[in-house]
Amino acid sequence: MNKISWLFVRVLFFAFSYSKVFAQDNQPTDQVPWYKNSFFYNIEVGTFKDSNQDGIGDFRGLISELDYLDSLGIDAIWLAPFYPSPRKDDGYDVLDYYGVDAKYGTAADVKEFFEQAHRRGIKIITDVVLNHTSIEHPWFEASRRDVKSPYRDWYVWQSERPKDADKGMVFPGVQKETWTYDSIAQQYYFHRFYVFQPDLNYRNTAVQQEAFKIMRFWLRQGVDGYRLDAVPFIIDIPETGSENPQRMMDLVPQMRSVMEEEKPGALMLGEANLSPEENKDYFGENNSGMQMMFNFYVNQYLFYALASQKIKLLIKAIEETKEKPEAAQWGHFLRNHDEIDLARLKDRQRREVYQRFGPDTTMQLYDRGIRRRLAPMLQNNKQIRFAYHLLFSLPGTPVIRYGEEIGMGDNLELKERLAVRTPMQWSAAPQGGFTQAAKAFRPVIDKGPYSYKNVNVASQLKDPHSLLNFIKSTAALRKEYPEIGLGKFEVLKTNSKYVLAIHYQYKDKSLLSLHNFSDRPQRFKVKGELLKAKQLLSVTDGSTAIPQDITLDGYGFEWYKTSSDSIK
Ligand code: NOJ
C-alpha cells in the first residue's frame with residue numbers, strides 16, 4: 001500500500017471511530033431525530049383502497065397507492081389498528097395483538113407494505129392500543145370465568161360498585177359508567193372507554209411484560225415506532241379514583257427503554273390530551289419519555305382562533321407548550337379521526353366554535369366536540385389553505401389524515417366519529433374508485449358538494465390550483481426551511497390583533513411566518529429588535545417587504561426569509 005492510500009485508510013478509520021463515539025454518546029454532531037422535521041399521514045387500511053373487490057380496503061390496495069403517498073412528500077405513515085378485532089370501536093378493541101385482521105390481508109402483505117414503504121423512504125408508525133382489550137379477548141374471557149386464573153388480575157376488578165362508577169367516562173352521553181357489573185365474574189370491571197373495552201391492570205407486572213412484548217414484536221416486524229393510544233389511562237390506577245387517579249409515571253420511561261433496546265431511535269408518539277404542565281412529565285427528564293406528543297392543547301385554541309379571529313389564546317397556548325426536551329417534538333394537527341375536543345375552552349368560547357363550525361347538534365359529540373371534517377367546516381376555500389399553511393408553520397411536525405389533502409367531507413348520518421371515517425375518494429368512478437365492488441363496507445360520500453364526483457384525487461392531480469397541489473407544494477417548501485421543525489422560535493408582536501407572527505431560527509437561518517386570521521386585509525408592522533432594518537424576502541414569490549410595513553390579504557399568509565446573507 002503506498003503512502004497516500006495508507007493515509008486515506010487512516011482518515012477513514014478515524015472518521016468512523018469518531019462518528020461511533022458520538023453515536024454511542026447519543027450526541028450526534030449534526031444529526032437530528034428523523035421525526036422532528038417530518039410530515040406524517042394517518043391511514044386506516046379499511047377505508048383507503050380495496051384491491052380484491054370485497055368492498056373493504058386492504059394492505060395490497062394500500063401498497064398500490066404508495067407511489068401516490070410518496071408524491072405527497074410524506075415522511076411517515078401513522079397506521080390505525082389493523083389487528084383482529086370485533087371493530088366495535090373501529091379496531092381500538094383488540095382481540096389479538098400479534099395478528100392481522102384477515103379482512104385486510106395476511107402477515108406477508110403487512111411485511112411487504114413495510115418493506116415497500118421503507119424502499120420509498122417512508123417510515124411506519126402503528127397504533128398500539130395497550131390500555132384495554134376487546135371484551136372478547138381470550139385474556140378477558142379467562143379473567144372473568146376463573147377467579148384463580150392468572151389472568152384474573154390482568155384486569156381491574158372490584159366486588160363493590162365504586163362510588164364514582166358514573167364518573168371519568170371518555171365518551172359521555174354514549175358511555176354510562178366506568179365500572180360495570182359482569183355477571184360471569186360477579187364483580188365490577190373498570191373500563192375508561194366503552195363497556196366492551198375492559199382496562200388492563202398495569203399494576204400487574206405480567207401485564208407490563210406483555211405490553212413490552214407486543215411493542216418488541218411489531219418493531220421486529222419492521223415498524224419504526226408507535227402511536228401510543230390513550231397513554232394517561234394506561235398508567236392510571238383506577239382504584240384511586242375515576243376522575244383524578246394516581247398515575248404510574250415510571251412506566252413511560254420503561255416503555256421508552258424497551259423501544260430503545262429493541263430498535264434505537266424508534267418513535268413513541270403519545271396520544272394524551274393534557275395540560276402543558278402534565279405534558280412535560282410525559283416527555284420526561286432528559287428526553288427519557290415520549291419523543292413526540294400530539295398537541296391537543298394548541299389544537300383547541302387554534303379552532304377557537306379560526307372561529308373567532310381572536311388569536312390571543314392561541315399565542316398563549318403556543319407559548320405554554322414551548323418548553324420540551326431538545327430532541328422531542330410536538331405533533332400538530334387540524335383534524336384527526338376523532339372529534340375535535342374543545343373541553344378546555346370556557347363554555348362561552350366553545351359555544352362560539354360550535355356556532356361557527358358545528359351549529360347543528362348532530363355535528364356535536366360527547367358534550368365537548370365536533371365530529372366534522374375540516375373542509376365542510378371552513379367552506380371558504382381561502383380559509384382552508386390558510387389553515388393548512390398554518391399547520392405547516394407551527395413549531396412541530398404536521399400530521400394530516402387521509403383525504404384531508406383533497407378536502408374530503410363528512411357523513412353525519414354515520415354514528416359518532418365514523419362521520420369522518422368514510423372511504424378515500426380516488427376518482428369520479430363508481431364508489432369513488434375506492435373499490436370495484438358494487439358497495440363499499442361503509443358508504444362513500446356520493447351526495448352534495450363533497451361527493452366523490454366533485455372531490456377526488458384524480459381531478460385534483462390534474463388541477464394545478466387544487467388543494468392537493470397546494471398541500472404538496474407547501475410540504476415541499478417546508479422541507480427547504482428546516483427552521484420550523486428544528487429551530488427555536490419566538491412569537492413576535494405586531495400592531496394587528498389578527499396577525500400571528502412566529503420567528504424561527506436554526507443555525508444561521510431564520511424565517512418569519514405570518515398568518516392573518518381576519519377575513520379582511522391587514523397592513524401592519526412586526527415589532528421587536530430582531531427584525532429592525534432587515535429586509536424580508538418571500539419564499540413563495542420572491543417579493544420583498546420590510547418588517548415595518550407588511551400587508552396580508554384576508555386569511556393571507558407568508559413565509560419570509562430574514563437572514564441578511566440569504567437575501568442578497
Ligand atoms: C383514542 C383513539 O383515538 C380513539 O379513536 C379510541 O376510541 C380510543 N382511544 C380508545 O382506544
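Contact is taken here to mean heavy atoms within 4.5 Å. The structure is a predicted model, in which local features need pLDDT of at least 70 and side-chain atom pairs count only at pLDDT 80 or more, while totals for chains, interfaces and linings use all residues. Residues are numbered from 1 along each chain as its sequence is written, and side-chain values use heavy atoms, with hydrogens and water left out.

S538 is found in strand β21, residues 536-538; strands (E, at least two residues) and helices (H or I, at least four) are DSSP runs numbered from the N terminus. Leaving aside neighbours within four places in sequence, S538 is in contact with S543, E558, W559 and Y560. With a relative accessible area of 3%, S538 is buried (buried means under 20% relative accessible area, exposed over 50% and partly exposed in between, with a 1.4 Å probe and protein chains only). The C-alpha atoms of S538 and T562 are separated by 9.2 Å, the two residues being 24 residues apart along the chain.

Q187 belongs to strand β6, residues 187-190. Its relative accessibility of 17% counts as buried. Neighbours within four places in sequence aside, Q187 is in contact with R152, W157, Q158, S159, T180, Y181 and D182. V174 lies in the loop between β4 (157-158) and β5 (179-182) and, at 40% relative accessibility, counts as partly exposed. Not counting residues up to four places away in sequence, V174 touches Y194, Y366 and E416.

Two packed helices are described by the angle between their axes and the distance between the axes. The axes of helix α7 (residues 205-221) and helix α9 (residues 251-262) come within 10 Å and cross at roughly 35°; axes are lines fitted to C-alpha atoms, for helices over the stretch in contact, and angles run from 0 to 180 degrees between N-to-C directions. The crossing of α7 past α9 is right-handed, the near helix being turned clockwise from the far one by less than a right angle. On α7 the contact is made by Q208, F212, M215, R216, L219 and R220, and on α9 by L251, Q254, M255, V258, M259, E261 and E262. These residues divide into 7 nonpolar, 2 polar and 4 charged (Ala, Val, Leu, Ile, Met, Phe, Trp, Tyr, Cys and Pro count as nonpolar, Asp, Glu, Lys and Arg as charged, and the others, Gly among them, as polar).

The structure holds 40 aromatic pairs. Rings of Phe, Tyr and Trp (its six-membered ring) pair if their centres lie within 6.5 Å, and planes under 30 degrees apart count as stacked, over 60 as edge-to-face and the rest as tilted. The rings of Y98 and F217 have centres 5.1 Å apart and planes at 90°, so this pair is edge-to-face. Y98 is partly exposed at 27% relative accessibility, and F217 is partly exposed at 26%. One aromatic cluster is formed by F59, F82, Y83, Y98, F113, F114, F217 and W218.

The charged end of K123 sits over the ring of W34, 5.3 Å from its centre (NZ of Lys or CZ of Arg within 6 Å of the ring centre and within 35 degrees of the ring normal).
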